[in-house]
Amino acid sequence: MSDKERANYSDVTDFIHDSEVTDFILVGIRVRPELHSVIFLLFLFIYGMVLLGNLSMIGIIVTDPKLNTPMYFFLGNLSVIDLSYSTVIVPKAMVNILSQKKTISFVGCVAQLFLYALFMVTEAFVLAAMAYDRFTAICNPLLYSVRMSRSVCVQLVAGSYLCGWVSSILQISVTFSMTFCASRVIDHFYCDSNPIEKISCSNTFINKMVSLSLAVLIILPTIIVIVVSYMYIASTVLKIQSSEGRKKAFSTCSSHLGVVSLLYGTVSFVYLTPPNNPELRKIASVCYILLTPMLNPLIYSLRNKDVKEAVKKVLCKKDVLF
């Protein structure tokens, strides 16, 4: 670490003595001070793309009657979730990049962790619901309208949010029931349970067990639903005689598979990064919080014929108006 970086980090840690006891300090990504503006502009650009992509996707799905189907109902909710968890973290991180006093209130930290965990867990279950939707459409097309009725879709999404809500309450309950030491410096750019545990004076065994249990209860069922669904889909598609039919069936799943791979790939990158390398973990988190929500709308718009046609309609209407 250079002398400038040490001085900058020292300013952050020294500020703790002047802060209210209800404040935390978010260290952020440790870079040379002259690079702060570059990091800010990078965050601003990617977050702008997240807003543009997901709001456009939501608008297209809501306004185009042709997209009033279960798959696009789930996709619209996925865009809302992606937009929400980025918004929970990125604006505050951008403010802190340019600020000397990188504070977040205790209440703000609790709210940030709660909402972040809520949307992350909800997204995992929504992706599992989308896999079940594709399984029903391809393997049981005659029963599709019954099994994936509007009420069933609403119940699946509501259940996803309920699971996120319950897991978030458990997560923040164990995380913020800990006693914190003199230092309140969180070595991250947002409030996450792992770096918060590191500044606690309490025994974190229960916290680790709760986090592990939640991970198993969330990841295992969703992965099983996705894997089993696609095993049946692959088996059904391979039985289709025509190559055109097989291609069409696989094309309806390719976007969802791309999003699932991106999500679980970045999550694995974040949580399998060695804990003794916090800077690499922060970079991995940037991929998860910014790049994934930015790329998801692109994956669906570039790989999906219906979305492409809906975008063309919107652009044609604009040309007519002007």
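**Reading the model**

Tutor: Of the 322 residues of the protein chain, 46% count as buried, where buried means under 20% relative accessible area, exposed over 50% and partly exposed in between, with a 1.4 Å probe and protein chains only. This is a predicted model, in which local features need pLDDT of at least 70 and side-chain atom pairs count only at pLDDT 80 or more, whereas totals for chains, interfaces and linings use all residues. Residues are numbered from 1 along each chain as its sequence is written, and side-chain values use heavy atoms, with hydrogens and water left out.

Student: How many helices and strands does the protein chain have?

Tutor: Helices (H or I, at least four residues) and strands (E, at least two) are DSSP runs, numbered from the N terminus. The protein chain has 11 helices and 3 strands, and from the N terminus on its elements follow the order α-β-α-α-β-α-α-α-β-α-α-α-α-α. Contact means heavy atoms within 4.5 Å; among the contacts in the protein chain with a separation of 6 or more, 77% come from residues 24 or more positions apart.

Student: Is Tyr 85 buried or exposed, and which residues does Tyr 85 touch?

Tutor: Tyr 85, which is found in helix α3 (residues 70-97), has 0% relative accessibility and therefore counts as buried. Leaving aside residues up to four places away in sequence, Tyr 85 touches Phe 119, Met 120, Glu 123, Tyr 288, Ile 289, Thr 292 and Pro 293. The C-alpha atoms of Tyr 85 and Ala 117, which are 32 residues apart along the chain, are separated by 8.5 Å.

Student: Where does Ser 167 lie, and what does Ser 167 touch?

Tutor: Ser 167 lies in helix α6 (residues 150-175) and counts as buried because its relative accessibility is 6%. Not counting residues up to four places away in sequence, the residues that Ser 167 touches are Val 121, Leu 214 and Ile 218.

Student: Is Lys 198 buried or exposed?

Tutor: Lys 198 counts as exposed, because its relative accessibility is 53%, and Lys 198 lies in the loop between α7 and α8. Between the C-alpha atoms of Lys 198 and Ile 186, 12 residues apart along the chain, the separation is 8.2 Å.

Student: How many aromatic pairs does the structure hold?

Tutor: A pair of aromatic rings is described by the distance of the centres and the angle of the planes. Rings of Phe, Tyr and Trp (its six-membered ring) pair if their centres lie within 6.5 Å, and planes under 30 degrees apart count as stacked, over 60 as edge-to-face and the rest as tilted. The structure holds 11 aromatic pairs. The rings of Phe 43 and Phe 189 have centres 6.1 Å apart and planes at 80°, so this pair is edge-to-face. That pair links distant parts of the chain, 146 residues apart, with Phe 43 in helix α2 (residues 36-63) and Phe 189 in the loop between β3 (185-186) and α7 (193-197). Both Phe 43 and Phe 189 are buried. The rings of Phe 189 and Tyr 190, with centres 5.1 Å apart and planes at 70°, are therefore also edge-to-face, and Tyr 190 is buried, as is Phe 189.

Student: Which residues do ring pairs link into a cluster?

Tutor: Ring pairs link Phe 24, Phe 106, Phe 176 and Phe 180 into a cluster. Arg 184 lies over the face of Phe 24, at 5.4 Å from the ring centre; a charge sits over a ring if NZ of Lys or CZ of Arg is within 6 Å of the ring centre and within 35 degrees of the ring normal.

Student: What volume does the largest pocket have, and which residues are the closest to its centre?

Tutor: Rolling a probe the size of a water molecule over the atoms shows where empty space is left. On a 1 Å grid over the protein atoms alone, a cavity is a set of points where a 1.4 Å probe fits but cannot get out, and a pocket is an open set with protein on both sides within 12 Å along at least five of seven lines, while lining residues have an atom within 4 Å of a point. Grid points are joined across faces, edges and corners, and a volume is the space filled by probe spheres set on the points. The largest pocket has a volume of about 910 Å³. Of the 29 residues that line the largest pocket, Ser 211, Ala 215, Ile 219, Val 267 and Tyr 271 are the closest to its centre.
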